Amino acid sequence: MKPAIILVSESRCEELSDEFGRYARDYDLPTATSAHEAKQQARRVVAEGGQVAMFVTESRLPDAEVLEAFHWWRATVPTARRVIAAHVSAFREDAAALRGGMAKGKYDAYLLAPRGARDEEFHTAICELLSDWGSTVAEPEVVAVAIVSPVEDALTLSIRDYLDRMGMPNRVFGPDTDEGRHVLELAGPDPEFPLVMDLGERVATARSVSDVAARIYGRPADVEVDRVVDVAVVGAGPAGLAAAVYASSEGLSTVVLEAEAIGGQAGTSSMIRNYLGFPRGISGMRLAQRARNQAVRFGTEFFTGWPVTSLTPGAADADGIRPHVLHTEGGDVHARAVVVSAGVTYRRLDAPGIERLVGLGVNYGSAMTAAREMEGADVVVVGGGNSAGQAAIHLARFARSVTILVRRPTLAETMSSYLVGEIDYNPRIRVEGCSEVVEGGPGDDGRLGWVTVRRTDDGTEERRDARGLFLLIGASPRCDWLPDEVARDARGFVLTGRDVPTEHWRGGLPPESLETTVPGIFAAGDIRAGSMKRVAAASGEGASVVPLVHAWLDPTH
């Protein structure tokens, strides 16, 4: 059954149907002349086992204010995208009153309805929203990677999360399905689960995410042994991706090593709404994959799933630059310059019962893959930053309830205003200040079943049911692999420029603004002491580090 785009207009349903005719191959296009009729259409689609991908409505309806209609429709189908396609006669007049609702997440886009053929600006917006719906809600129609496993355990979920963040459509099949039996035939006798099959129908047992990454993207050792690259970037978050794009576009041979999936923490964000140039927002995965494709176009090589385990610093002498050596379990990379942009990792929650349930209902970070498994469940999000807010809003599309727990009294001090407003409006989300999780345990199926919440103001505790726990509780730098020669502050963040202690200055001068205490090693993004911890700031640092790399590689210019 095809998903539905429900078109709503009191008198122009025929015009909307004609305009959306280009989508008729892949979507059903039911129409409604009122908000109530649209709700009935949505209920019919759901009752028949289908999905509603989008509501498209005019800005004026006969039986309800359009924002009230969106509230009804979201209660019926929380995952559907919601669009106003205002007629030209009402576009300007209604805009001032309605656009504020978009900032609160009441709907996704305010567009001028097409007035003629080939209004590609309008359809670009529609396609972006449908793409976002397809990547976060619907099961993929075309599968790039098939996973076969009798159970969706922590490893299987980790593999799915990695593939989702890499933008690779995937599905899990049971061994007794037609797809599962086909993979088992290719695997040979006595296979071990989970099995992974790529588009080339190559099948292998996956014992880790690195196994999957190596089969798809190769190993760092694939870089020619006798070759020294100009710059190695450690970490493919916004800072590392920007460094890769600018370095490779300027002719530097560039290799990126990423321990997990492209995008870093930003890549797990379901929707980034305040990044410059994306008025309807963009998911972290989409942003990261676009940047990766841009870097690949200029010649960057990427190796994912391979954490750098140590770094042997090189040096500059009369014979030139002796390269730095980055060590991974997949081989070594030799580079004349290194950009450290490995970002940060979420702190672990020291509470009884939590750690053994990671991947079984407990997740560090937003774990977009796990969100789809929370349908109809009660979910807890711990954290008060933007990442926690984005995770809660995304989870509310699936979960019955989402509770945000923060140790502060409110979210106002730590979260962007637009997210606070969207959370306040969402009836499925509630915020509990002065609260923390102190224990968790399994249900009858071995997955997370409950958590204990303690009030920090009076010490009272309450045990409550929870099928999902998403922990976004502050960050620690990922730099235990760095040598002692690279100076760090008391919290472990890498020092650069004038923040470097004076005893490490050279010739009475501090290192360059993004240079560490080791010549030729630079730092950018969240791992750097004093960084802004924002996507735009990290991207800016990644771009800014490239001229410094150029100066290091060719000091005569």
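Two strands count as paired if DSSP finds at least two bridges between them. Keep that in mind for strands β4 and β5. They run parallel, and four bridges join β4, residues 81–86, to β5. Within this pair, V83 stands opposite A109 of β5. Note that the model is a predicted one.

Now widen the view. Strands β4 and β5 belong to an open sheet of five strands, in the order β2-β1-β3-β4-β5. The pairing in this sheet is parallel. Which strands form the edges? They are β2 (31–32) and β5 (109–112), and each of them pairs on one side only. What holds such strands together? Strands of a sheet pair through backbone hydrogen bonds, either parallel or antiparallel.

Next, look at the loops around this sheet. V77 sits in the loop between α3 and β4. Is V77 buried or exposed? Its relative accessibility is 7%, so V77 counts as buried; the cut-off for buried is under 20%. The C-alpha atom of V77 is 8.9 Å from that of A53, though 24 residues separate the two along the chain.

E65 makes a contrast. This residue lies in the loop between β3 (52–57) and α3 (66–76). Its relative accessible area is 63%, so E65 is exposed; exposed means over 50%. Together with E10, D63 and E68, it gathers in a surface patch of negative charge.

Follow the chain out of β5 and you reach the loop between β5 and α5 (120–136), where R118 is found. R118 is exposed, with a relative accessible area of 67%. R118 is not a glycine, yet it has a positive phi of about 55 degrees.

C434 shows a positive phi as well, of about 55 degrees, and is not a glycine either. C434 lies in the loop between β22 (429–432) and β23 (435–442). Is C434 buried or exposed? At 17% relative accessibility, C434 counts as buried.

A cis peptide bond joins F193 and P194, with omega about 0 degrees. P194 is in the loop between α7 (178–187) and β8 (195–197).

Now move to strand β26, residues 468–471. In a regular strand the side chains alternate between the two faces of the sheet. Look for that pattern here. G468 and F470 point one way from β26, while L469 and L471 point the other way. All four are buried. Which strands pair with β26? One is β19, residues 362–364, which pairs with β26 in the parallel sense over three bridges. In this pair, Y364 stands opposite L471. Another is β20, residues 378–382, which runs parallel to β26 and is joined to it by four bridges. Here V380 stands opposite L469.

How many salt bridges does a search of the whole structure find? The search finds 34. D378 forms one of them with R400, and the closest N and O atoms are 2.6 Å apart. D378 lies in β20, and R400 lies in the loop between α12 (386–395) and β21 (401–405), so the pair ties together parts that are 22 residues apart in sequence. R400 is exposed, with a relative accessible area of 53%.

R227 and E301 form another salt bridge, with closest N and O atoms 2.9 Å apart. What does this pair tie together? R227 lies in the loop between α8 (209–217) and β10 (229–234), and E301 lies in strand β12 (residues 301–304), so the link joins parts 74 residues apart in sequence. R227 is partly exposed at 24% relative accessibility. E301 is partly exposed too, with a relative accessible area of 25%.

R455 and D457 make a salt bridge as well, and their closest N and O atoms are 2.7 Å apart. R455 is partly exposed, at 29% relative accessible area. D457 is partly exposed, at 48%.

Finally, salt bridges can link up. Which residues are linked in a network of salt bridges? They are D161, R165, E260 and R478.

Terms used. Residues are numbered from 1 along each chain as its sequence is written. This is a predicted model: local features need pLDDT of at least 70, side-chain atom pairs count only at pLDDT 80 or more; totals for chains, interfaces and linings use all residues. Side-chain values use heavy atoms; hydrogens and water are left out. Patches are made of residues with over 30% relative accessible area and no salt bridge: like charges are joined within 9 Å, nonpolar side chains (Val, Leu, Ile, Met, Phe, Trp, Tyr) within 5 Å. Accessible areas come from the Shrake-Rupley method with a 1.4 Å probe; for residues, only the protein chains shown count as cover. A salt bridge is a side-chain nitrogen of Lys or Arg within 4 Å of a carboxyl oxygen of Asp or Glu. Lys and Arg count as positive and Asp and Glu as negative; His and the chain ends are not counted. The place of a charge is taken as NZ of Lys, CZ of Arg, CG of Asp or CD of Glu. Helices (H or I, at least four residues) and strands (E, at least two) are DSSP runs, numbered from the N terminus. Buried means under 20% relative accessible area, exposed over 50%, partly exposed in between (1.4 Å probe, protein chains only).
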